[in-house]
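I opened this one to see how its parts sit against each other. My notes follow, in the sequence I looked things up.

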Amino acid sequence: MSTTPIPFSPPRIDDRTVKAVEEALRSGWITTGPRTKEFERKLADYCGVERVIALNSWTNACELVLRWFGVGPGDEVIVPAYTYCATANIVMHVGAKPVLVDVLDDFTMDPAQLLLRMTERTKVIMPVDIGGLPAHVEQIMSIASQARSFFKPSNEVQTMLGRPLVLSDAAHSFGARIGGKAVGAQADITGFSFHAVKNLTTAEGGALAFNLPKPFDHEELYRLFNTMSLHGQSKDALAKTQPGAWRYDVAFPGWKCNMTDLQAAIGLVELERYDTDTLVRRRAICYRYNEAFAKDPRFVVPEFYDGYRTSSYHLYMLRIAGSTEEQRDAIITAIAQHGVSVNVHFIPLPMLSFYMGQGYAMRDYPNTYLQYSHEISLPVYYDLTDAQVDRVINVVKAAVEEVMSA
Ligand SMILES: *Cc1c(COP(=O)(O)O)cnc(C)c1O
């Protein structure tokens, strides 16, 4: 058996990617420009929304949303306890309080828990599409509507919406589907990540899909977010290249998180082959794992399709039936000794020093802890071969045998 190390999720970079970036580099335009605009239009078409803005990360993009909505001290934002720190960190950045809720067995926000935690201070609800399986976003939208009767708007935008904003953390779920429709057209605003480890990458990057109800104007929002992402400047670099168009104004002290055309060049290549190639391969890998683990009572396999929600096959989140956290950690050590890289998604927020220090306690989110203590994410990436998948399966099964029967 081969012993070449198997990494966890290297990006798919080939001649096409390199050529596209080279063309952008040689085009004379390397910051936000024609490639970013084209990428945005194609993302919007893909998601079935009028407007998408591409920015430099999910984190900065979604933080802009909180700032646009006027979220600040005294406000609460509901976030699942089971997520990457970014989801809660941006709430801290604007001075508001993350209110954590427990998750379902599929790792996504429990709508019943959300209902219990909503108060008149709730300004934003952030479901997370863990591993690529969409949260119950439509149900969460209707729960947000139930808050109309007690929602206390504190500015014009909040008054216009009249209820908490649903900002979906779709960092894992570009290309996932809800009732046959691409993720992006369900929540008020959906945030994507194109970080190096994500399904569709631009090295670093992110995007927002706007899907707000009337009377919000998506064209106007798109312009506003562009300005917010560029110091509040009335013209971007491309607009200023027009002869004589040098003068600009700054209406407010904005931020700096635009996407470059080098990133967009990678994204355009990624997007073109996403449905027909990338997702096809990722799905095949996930189902090959499922075939090996589903009938084995020592494992609980992840859900990729429940008749309504379809995953983007971002992570293969395997669970070891009945393991303690310590046993799970020992299994990972045994797997690593055979040259296979695995991960845990995620260490729940209440277990991270900062959030522990803020007074959050793991015992308040029992299902989050339970799922976490069983979880091991296996390698999933385009270039992973069937033979390598089989090797991972054998290594995992041997490690579980070794640790769980000790
Ligand atoms: C990766 C990730 C983010 C952050 O994305 P960036 O583009 O790196 O800012 C947010 N939420 C989740 C769940 C993630 O996995």
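Buried area, as I use it here, is the accessible area (1.4 Å probe) that two parts lose on being put together, summed over both. I kept in mind throughout that this is a predicted model.

Domains first. I find the protein divided into domain 1, residues 15-271, and domain 2, residues 274-404. I get 27 Å between their centres, taken over C-alpha atoms. Domain 1 puts 46 residues into the contact, and domain 2 puts in 36.

Next I asked how much area domain 1 and domain 2 bury between them. The figure is about 3300 Å², with 56% of it on carbon and sulfur atoms. On the domain 1 side, I noted that Tyr-82, Phe-107 and Asn-199 supply 20% of the area buried against domain 2, more than any other three residues.

Then the polar side of things. I count one salt bridge between the domains. I also looked at Asp-106, which forms a salt bridge with Arg-309, the closest N and O atoms being 2.8 Å apart. Polar contacts across the interface come to 31 residue pairs.

Which elements give two or more residues to the side of domain 1 that touches domain 2? I list β2, α4 (85-93), β3 (97-101), β6 (177-178) and α10 (261-272). I sorted the residues of that side into 25 nonpolar, twelve polar and nine charged.

Last, I traced β2 (residues 76-80) to its parallel partner β4 (residues 122-125), and three bridges join them. Ile-78 stands opposite Ile-125 there. I then followed β4 to β5 (residues 165-169), again parallel, over two bridges. Val-124 has Leu-165 in β5 as its bridge partner.

Note on methods
Residues numbered from 1 in each chain as written. Predicted model: local features only at pLDDT ≥ 70, side-chain atom pairs only at ≥ 80, totals over all residues. Heavy atoms only, no water. Pairing = 2+ DSSP bridges. Helix = DSSP H or I, 4+ residues; strand = E, 2+ residues; numbered from the N terminus. Domains from an automatic or database assignment. Contact = heavy atoms within 4.5 Å. Salt bridge = Lys/Arg side-chain N within 4 Å of Asp/Glu carboxyl O. Polar contact = N/O pair within 3.5 Å; in protein donor to acceptor, adjacent residues only side chain to side chain. Nonpolar A, V, L, I, M, F, W, Y, C, P; charged D, E, K, R; others polar.
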